Structures are given as structure tokens and as C-alpha cells.
Amino acid sequence: MTVSSELTPPVTAAVPPPRAGVFDRLAPRLHRYGLGMLRAGLGGVFVWFGVLKVIGLSPAAALVVAVLPFPAGNWFVPALGWAEVALGLWLVSGRARAAALPVLTAHLCGTFAVLVLTPSVAFARSNPLLLTLVGEFVVKNVVLLAGAVVVLTRPGRTGGHRW
């Protein structure tokens, strides 16, 4: 029995794999360090904003009080500030991530109350596409929430550092 040339696959030269570019070679390392940078950045923002509330210099303090559905005493904004400092340190520590995620999520989602309870402060001309400065300040929390989800749900590793 003879084999027809039509059934025999053509012989081709081996194609060398494409050379990885600089970005492709650096991306895994950048990603690994990027998660740590994201954790430190998110934690730092929480601590920074919290300290401003504690010392009475937060530009967001009046907004916080205005949105609350109950009368807040002078203690509320500093207490919220201490909670934010604790959340920031908790985030940076990387400990008890399963517990940290719902707490951070609740806090960040609570900031969206501005959009619902005082929309005139967040939207220009009652248009939900036209954010005011306050609206932008609130909506950026979507990014903080996404970052918190990324760093708090990173698969655990055995050994090595926690970043």
C-alpha cells in the first residue's frame, strides 16, 4: 500500500517562539509588586483620610454630617476617622482578609449614601451624568472598592511575604 502525497502533511520548518518584549518579561514581577503597592496605597488613603477627620481638618467632615439620617454629635466624625485609620492599618497588615472585606465594603458603600440621600449635592442640574466635585469624590470610591477586592481576595501563599 502506498501513501498518497495528498494525505501526508507537508514538512514545515520549526517556527521559533516569538521573543518576549521587555514588558512581557517585566509584567509578572510588576504585577507581584503592584499588589503590594495597591495594598499600601489603599491603606495609606484610609489612614490619611481618617487622621484628617480625627484632627478636625477633613474637608469631607461637613458632607458626612449633612448626609447622616440622624443628628450627629461632635464625636461622630472623629470616631469615623478612627475607624478609617483602623481599616487602613487592617488593610495594610493583610491579616483576617475574609473579615476585612465585608467591613471595607460596607464602609465604602456607605459613602454612596450621598448619591441617594442628597443627589443635588452630587449631580449638577439633576443629571446623574454630570457629577459635581462632591459627586466625583464619592464615585471614586468604586475604584477604592475594586482595589480592596483585588488585594483582599488574592490567593494565599505559603511562605514568603504577605504582599
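The protein contains eight helices and zero strands, where helices (H or I, at least four residues) and strands (E, at least two) are DSSP runs numbered from the N terminus. The model is predicted, so local features need pLDDT of at least 70 and side-chain atom pairs count only at pLDDT 80 or more, while totals for chains, interfaces and linings use all residues. Residues are numbered from 1 along each chain as its sequence is written, and side-chain values use heavy atoms, with hydrogens and water left out.

**Overall view**

Begin with the whole chain, coloured by secondary structure. Along the sequence the pattern reads α-α-α-α-α-α-α-α. Of the 163 residues in the protein, 28% are buried; buried means under 20% relative accessible area, exposed means over 50%, and partly exposed lies in between (1.4 Å probe, protein chains only). Among contacts with a separation of 6 or more, 71% join residues 24 or more positions apart, a contact being heavy atoms within 4.5 Å.

**Stop 1: the largest nonpolar core**

Select L42, F46, L91, L104, L108, V151 and L152. Of the 13 residues in the largest nonpolar core, these touch the most other members. A nonpolar core is a set of buried Ala, Val, Leu, Ile, Met, Phe, Trp, Tyr and Cys residues joined through side-chain atoms within 4.5 Å. Helices α1, α3, α4 and α8 are the elements that give two or more residues to this core, and α8 provides the largest share, five residues. Apart from this core lies another, of seven residues, including L63, V67, A122 and V138.

Next, centre the view on L42, which is found in helix α1. L42 counts as buried because its relative accessibility is 5%. Leaving aside residues up to four places away in sequence, L42 touches L91, L144, G147, A148 and V151.

Then move to L91. With the exclusion of residues up to four places away in sequence, the residues that L91 touches are R39, L42, G43, L104, V151 and L152.

**Stop 2: the largest pocket**

Rolling a probe the size of a water molecule over the atoms shows where empty space is left. The largest pocket has a volume of about 450 Å³. On a 1 Å grid over the protein atoms alone, a cavity is a set of points where a 1.4 Å probe fits but cannot get out, whereas a pocket is an open set with protein on both sides within 12 Å along at least five of seven lines; lining residues have an atom within 4 Å of a point. Grid points are joined across faces, edges and corners, and a volume is the space filled by probe spheres set on the points.

Which residues are the closest to the centre of the largest pocket? Select V64, L80, E84, H107 and T111, which hold that position among the 25 lining residues. At least two lining residues come from each of α1 (22-54), α2 (61-67), α3 (76-93), α4 (97-111), α5 (113-117), α7 (133-139) and α8 (141-152). Helix α4 gives the most, with five residues. By class, the lining has 18 nonpolar, four polar and three charged residues; Ala, Val, Leu, Ile, Met, Phe, Trp, Tyr, Cys and Pro count as nonpolar, Asp, Glu, Lys and Arg as charged, and the others, Gly among them, as polar.

**Stop 3: the second largest pocket and S58**

Now select F49, L52, K53, S58, P59, A60, L63, L133, V134 and F137, the lining of the second largest pocket. About 190 Å³ of space lies there. Helices α1 and α7 each supply at least two of the lining residues. The lining comprises eight nonpolar, one polar and one charged residues.

Within this selection, focus on S58, in the loop between α1 and α2. S58 counts as buried because its relative accessibility is 14%. Its side chain reaches the backbone nitrogen of A60 at 3.1 Å. Not counting residues up to four places away in sequence, S58 touches L52 and K53.

**Stop 4: two loop residues with positive phi**

Select A96, in the loop between α3 and α4. Phi of A96 is near 45°, a positive value in a residue other than glycine. A96 is partly exposed, with a relative accessible area of 48%.

Finish at R125, in the loop between α6 (119-122) and α7. R125 is not a glycine, yet its phi is positive, at about 55°. R125 counts as exposed because its relative accessibility is 72%.

Notes:
Polar contact = N/O pair within 3.5 Å; in protein donor to acceptor, adjacent residues only side chain to side chain.
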